[in-house]
Amino acid sequence: MRKLLILFLVFGMMVSLSMCIESTWDHSGVVENKRSFEDTNEVNLTIGGQPIQLVLRTTVREALSTELINTNDSDIVENYLSHRIIYLEYNRSLSLEEGKLSLIDLSLKLGFLRPLYGHVIVDDSIFKNESEREKVKSSNITLILKVIKGNRSATIEKVNNRTYIIEGNSLEELDKAVSRFVLAIYKGIAEEG
């Protein structure tokens with residue numbers, strides 16, 4: 001299972017990287033027509049001096065419909081940038097159709113930023129024992145992202161300064177929540193740069 005997930009991550013990263021740079025880049029970074037911007041799943045940004053085309057699994061409008069609880073976009077970016085380890089916590093038996101595609105997308109999008117910010121992205125499959133896993137999870141340098149297929153529609157809830165719950169009751173709703181989380185990070189980084 002671990003090899004399959006790694007294969008998906010590597011393949012997805014290659015596809016994402018090949019789709020990231022667009023030759024018709026709008027250097028202004030300003031979207032003139034808000035309606036058309038919200039109806040697309042592509043967002044053009046500049047990160048680290050490089051033009052990036054962020055491709056979401058939902059439209060921007062759908063991503064922005066995600067309910068934020070105890071957090072906002074700038075809070076998400078700040079917490080992302082202030083932690084060195086990103087710990088993905090999820091149900092390992094979740095099928096692709098039930099939400100694992102959203103999780104893979106999240107991992108790939110965060111992995112794309114890894115060379116710029118040096119984050120280490122982990123899940124429980126890399127640990128040899130429970131005490132090693134708990135040590136990483138309880139570390140002040142770890143940001144825990146719990147991806148849950150639950151009962152709520154697309155929701156991002158901040159539990160504390162080190163834990164976020166990204167939840168949806170279907171693949172579509174998880175895609176919205178993951179897209180909102182990723183959009184907040186990418187746009188926040190682009191605006192800071």
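Predicted model: local features only at pLDDT ≥ 70, side-chain atom pairs only at ≥ 80, totals over all residues.
Trainee: What makes strands β6 and β8 partners?
Mentor: Two strands pair if DSSP finds at least two bridges between them. Strand β6 (residues 142–149) and strand β8 (residues 163–168) are joined by 6 bridges and run parallel, so they meet that definition. Lys146, for instance, has Ile165 in β8 as its bridge partner. Helices (H or I, at least four residues) and strands (E, at least two) are DSSP runs, numbered from the N terminus. Residues are numbered from 1 along each chain as its sequence is written, and side-chain values use heavy atoms, leaving out hydrogens and water.

Trainee: Why do β3 and β5 count as edges of the sheet?
Mentor: The open sheet has 6 strands in the order β3-β7-β8-β6-β4-β5, with mixed pairing. β3 (67–69) and β5 (120–122) each have a single partner strand, so one side of each lacks a neighbour in the sheet.

Trainee: Why is α5 called roughly parallel to α7?
Mentor: Angles under 35 degrees count as roughly parallel, over 145 as roughly antiparallel, 65 to 115 as roughly perpendicular and the rest as oblique. The axes of helix α5 (residues 96–117) and α7 cross at roughly 10°, so the two are roughly parallel.

Trainee: And what about α4 with α7?
Mentor: The axes of α4 (residues 73–81) and α7 (residues 171–192) cross at roughly 80°, which makes α4 roughly perpendicular to α7.

Technical notes. Axes fitted to C-alpha atoms, helices over the stretch in contact; angles between N-to-C directions.
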